[in-house]
Amino acid sequence: MRTPIIAGNWKAFKTIPEALALVGELADSVRGVSGVEMAVCPPFTALAAVAERLRGTSIKVGAQNVYWEKQGAYTGEITPPMLQGLVDYVIIGHSERRKLFGETDETVNKKVHAVLAHNLLPIIAVGENLDENEAGKTGAVVTRQIRGGFQGLSADQARTCVVAYEPVWAIGTGETATPAVAQQACAYIRGVLREISPVYADAIRIQYGGSVNAENAAELLSQPDIDGALVGGASLKADQFAAICAAAG
Ligand code: PGA
């Protein structure tokens with residue numbers, strides 16, 4: 001009942017020509033893949049070119065970040081109206097943004113509201129770091145992040161959100177959570193969503209992220225509470241990303 005969603009988080013990789021080459025290859029590679037929503041999230045500089053190239057294909061486009069105001073004296077920021085017509089999705093609260101750029105549950109929540117108010121769909125990233133994991137705090141951390149991120153949303157808004165569960169220790173490390181561990185965390189997150197509101201908990205798609213690749217995708221994606229993947233490194237290779245999408249379809 002939940003359509004899986006695979007999103008590629010390109011991070012700070014790819015110039016405009018490189019981005020166009022990658023999506024050109026990707027559009028060919030995923031021809032014939034169905035039953036899965038696919039999106040790429042290039043850096044801001046390549047969004048317009050990539051969106052133009054992908055128009056009319058089954059691949060959607062997302063941004064990796066956004067500011068919460070509509071416009072104003074915010075040097076260097078990109079606002080939701082600037083993304084309208086260009087992207088469908090916006091990743092919010094990725095662990096790199098939380099760790100390196102000081103994002104908090106409060107700023108994540110402001111961004112979620114701003115994005116939804118402009119008819120864009122947030123991919124809200126949550127997940128514990130290694131210390132928190134080893135201290136047995138995974139549940140407490142994701143509960144705080146989910147409750148913070150979803151604060152003040154209506155049921156209609158909440159049901160359109162995507163959650164990405166990304167244990168920080170698995171991101172870019174090659175150390176994927178086992179399917180059982182990833183499933184347990186995603187089921188836990190769905191339980192937290194159910195506590196907030198039973199109305200939408202079963203509608204929300206929960207992705208797993210952290211060293212997903214063409215080899216491990218199928219087993220992760222076959223778990224009942226894992227509805228897709230947020231893919232970093234492997235999304236920079238068309239054949240790898242296409243294989244992950246095919247595994248979800
Ligand atoms: P990774 O990154 O697939 O390279 O581990 C995932 C992410 O940061 O979203």
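Helix 7 passes helix 9 in a right-handed crossing, a crossing being right-handed if the near helix is turned clockwise from the far one by less than a right angle, and left-handed if anticlockwise. The model is predicted, with local features requiring pLDDT of at least 70 and side-chain atom pairs pLDDT 80 or more, whereas totals for chains, interfaces and linings use all residues. Residues are numbered from 1 along each chain as its sequence is written, and side-chain values use heavy atoms, without hydrogens and water.

The axes of helix 7 (residues 138–150) and helix 9 (residues 179–196) come within 10 Å and cross at roughly 45 degrees. Helix 7 is therefore oblique to helix 9, a class left after angles under 35 degrees (roughly parallel), over 145 (roughly antiparallel) and 65 to 115 (roughly perpendicular). Axes are lines fitted to C-alpha atoms, for helices over the stretch in contact, with angles from 0 to 180 degrees between N-to-C directions. Helices (H or I, at least four residues) and strands (E, at least two) are DSSP runs numbered from the N terminus.

Around the ligand are 13 residues, of which Lys-11, His-94, Glu-166, Gly-172 and Ser-211 come nearest; a residue is near if one of its heavy atoms lies within 4 Å. Lys-11, in the loop between strand 1 (5–9) and helix 1 (16–29), has a positive phi of about 55 degrees although it is not a glycine. Ser-211, also not a glycine, has a positive phi of about 60 degrees and is found in the loop between strand 7 (205–209) and helix 10 (217–221).
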